[in-house]
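Please read them alongside the coordinates.

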Amino acid sequence: MTIRLFNTMTRKIEEFKPLTPGKMGFYSCGPTVYHYAHIGNLRTMIHNDILKRMFVENGYAVHHVMNITDVGHLTSDDADSGDDKMERGAARDHKSVWEIAKFYTDEFLRDFDDLNNIRPTDMPRATDYIAEQIDLVKKLQDLGYTYEIPGDGIYYDTSKFAAYGALTGGSVAGNRAGARVEYNNEKHNPTDFALWKFSPTDQKRQMEWDSPWGIGFPGWHAECSAMSMKLLGNHFDIHTGGEDLSRIHHTNEIAQSEPITGAPWVSYWVHFSFLVDKSGEKMSKSNGEFLGLDVIRKRGYDTMVYRYLILLGHYQTQLAFSWDAMDAAANGYKNIVRRVAEILADTDPGALVESTFNEWHDRILNPVSDNMKTAESLVQVQELLRDKSINASTKIALFEFIDRLLGLQFIDRAKKLNDTESETAPAEIIAMADARAAAKSARDWARADELRAQIDAAGWTVIDTRDGTKIVKKV
Ligand code: AMP
Ligand code: ZN
């Protein structure tokens with residue numbers, strides 16, 4: 001099947017051509033572990049995961065690298081100034097930098113797993129690749145791309161790299177236009193950035209290393225260039241990240257890498273749009289007020305509902321988060337789970353019909369392969385459920401495939417629903433269920449649906465099986 005993706009570099013949807021047939025290597029910018037991940041960061045992780053699953057279902061062997069940033073990410077990306085986010089987080093939590101790095105990495109992975117994302121093949125930490133980052137800076141120095149600002153650090157001279165800014169279509173001068181930040185006026189060009197920062201002389205940093213230029217720490221962009229080249233080679237297929245990263249971080253990664261590897265370093269650049277709030281404001285860790293996955297759990301939602309909400313949107317469109325949207329997603333998700341539970345409980349499932357399986361497999365995979373249109377794929381899932389001509393065995397085999405592709409765990413949740421013992425429901429719930437059964441036999445579907453909704457609102461679920469209707473507490 002043809003795979004198509006929007007490439008930020010060319011600003012076009014392009015057909016994917018692998019560097020090595022049957023293989024796909026990709027690098028994703030991972031979390032900076034100075035705080036909990038918010039559900040915006042996790043949106044990006046879900047899109048990364050769909051990208052991976054889509055390639056796997058198309059028969060590719062996927063090598064996925066995602067870094068953990070545990071040093072060097074300063075509070076001002078534009079100015080290469082301010083505090084190291086990690087050191088600031090450690091002061092906030094009254095712990096060491098190393099302690100918070102471990103703590104927030106573990107918390108991040110708990111959320112990552114809970115959303116049923118497949119773990120990356122490699123998850124390198126920036127602090128484990130200091131030698132490689134120093135080596136990268138040395139190579140750039142030998143090639144004449146660097147200069148030193150005494151007492152500050154080693155900087156990359158962006159005027160030496162002709163293609164600087166190509167990713168966002170900007171010129172060197174234009175790239176920062178309008179960015180209302182102060183920058184270090186000792187830099188030769190406003191877009192120049194730090195490759196190696198010196199430790200301050202008046203205070204001791206918790207994380208610092210020796211280098212040919214003096215004690216200090218690597219600039220944030222260096223880690224992604226050094227680790228991706230080390231783990232994926234000098235040319236790899238796809239590089240991903242949130243939409244905020246293209247203008248500075250990825251632009252600088254390209255400038256650092258291509259003089260060493262030769263262009264192009266990456267074949268396709270894929271950026272995921274932000275999760276925003278009702279007023280369109282980006283959810284961000286640095287403003288301190290954000291929603292973590294824990295809030296979603298504590299409000300009683302299955303975390304799969306959040307994944308489902310994300311897949312109802314498209315990665316190139318910002319998504320405004322609201323609890324109303326979550327409630328609508330919860331209804332949609334549970335409705336599918338309930339219907340899968342009914343299919344699983346079918347006592348006469350029939351034999352798998354291969355031609356039907358193949359037709360629907362493609363109907364569901366095609367939209368995802370076409371620039372990751374997960375919402376269109378979910379429309380096909382609804383159609384599949386509606387199609388009464390397909391037997392239960394074929395539908396279940398298709399749902400196994402849907403779970404591999406979209407990771408929504410429909411079968412797992414449906415099994416849990418079916419395993420829930422029929423409980424003794426209060427008399428009024430049983431009465432509503434009986435009234436619903438009567439409405440169904442009278443073919444009054446509207447009334448039956450209305451009663452189902454009422455039962456649902458009262459905290460119970462009815463599941464129709466061939467053996468009759470089961471009433472369980474809502475999952
Ligand atoms: P950070 O932990 O801030 O380094 O970000 C980790 C990943 O989440 C990066 O790929 C960011 O671009 C992405 N990201 C940050 N904020 C958002 C947001 N509000 N919505 C979606 N992705 C985001
Ligand atoms: Zn990165």
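**Notes on the predicted model**

1. The zinc ion (ligand 2) is coordinated by C29 through SG, C224 through SG and H249 through NE2, at 2.0 to 2.2 Å. Donors here are N, O and S atoms within 2.8 Å of the metal (3.2 Å for Na, K and Ca), and since water is not among the atoms, sites may look incomplete. Along the chain, the donors of the zinc ion follow the spacing C-x194-C-x24-H. C224 belongs to helix α5 (residues 220–232) and H249 to helix α6 (residues 246–261), so this pair ties together parts that are 25 residues apart in sequence. Helices (H or I, at least four residues) and strands (E, at least two) are DSSP runs, numbered from the N terminus.

2. On the basis of the values: this is a predicted model, in which local features need pLDDT of at least 70 and side-chain atom pairs count only at pLDDT 80 or more, whereas totals for chains, interfaces and linings use all residues; side-chain values use heavy atoms, with hydrogens and water left out. Residues are numbered from 1 along each chain as its sequence is written, while chains are lettered from A and ligands numbered from 1 in the order in which they are written.

3. Buried means under 20% relative accessible area, exposed over 50%, and partly exposed in between (1.4 Å probe, protein chains only).

4. Around ligand 1 there are 18 residues, of which T32, T44, D244, M283 and K285 come nearest; a residue is near a molecule or strand if one of its heavy atoms lies within 4 Å of it. By class, this shell has six nonpolar, nine polar and three charged residues, where Ala, Val, Leu, Ile, Met, Phe, Trp, Tyr, Cys and Pro count as nonpolar, Asp, Glu, Lys and Arg as charged, and the others, Gly among them, as polar. Both α1 (39–57) and β11 (236–242) supply at least two residues of the shell, and α1 gives the most, with three residues.

5. Among the atom pairs to check at ligand 1, one of its oxygen atoms is 2.8 Å from an N or O atom in the side chain of T32, and an oxygen atom of ligand 1 is 3.1 Å from an N or O atom in the side chain of N41. A nitrogen atom of ligand 1 lies 3.3 Å from a polar side-chain atom of K282. Taken alone, ligand 1 exposes 490 Å², and the protein buries 95% of that; accessible areas come from the Shrake-Rupley method with a 1.4 Å probe, and for residues only the protein chains shown count as cover.

6. The structure holds 21 aromatic pairs, a pair being rings of Phe, Tyr and Trp (its six-membered ring) with centres within 6.5 Å; planes under 30 degrees apart count as stacked, over 60 as edge-to-face and the rest as tilted. The rings of Y36 and Y104 have centres 5.1 Å apart and planes at 85°, so this pair is edge-to-face. The pair links distant parts of the chain, with Y36 in the loop between β3 (23–28) and α1 and Y104 in helix α3 (residues 97–114), 68 residues apart. Y104 is buried at 4% relative accessible area, whereas Y36 is partly exposed at 34%.

Note on methods
Polar contact = N/O pair within 3.5 Å; in protein donor to acceptor, adjacent residues only side chain to side chain.
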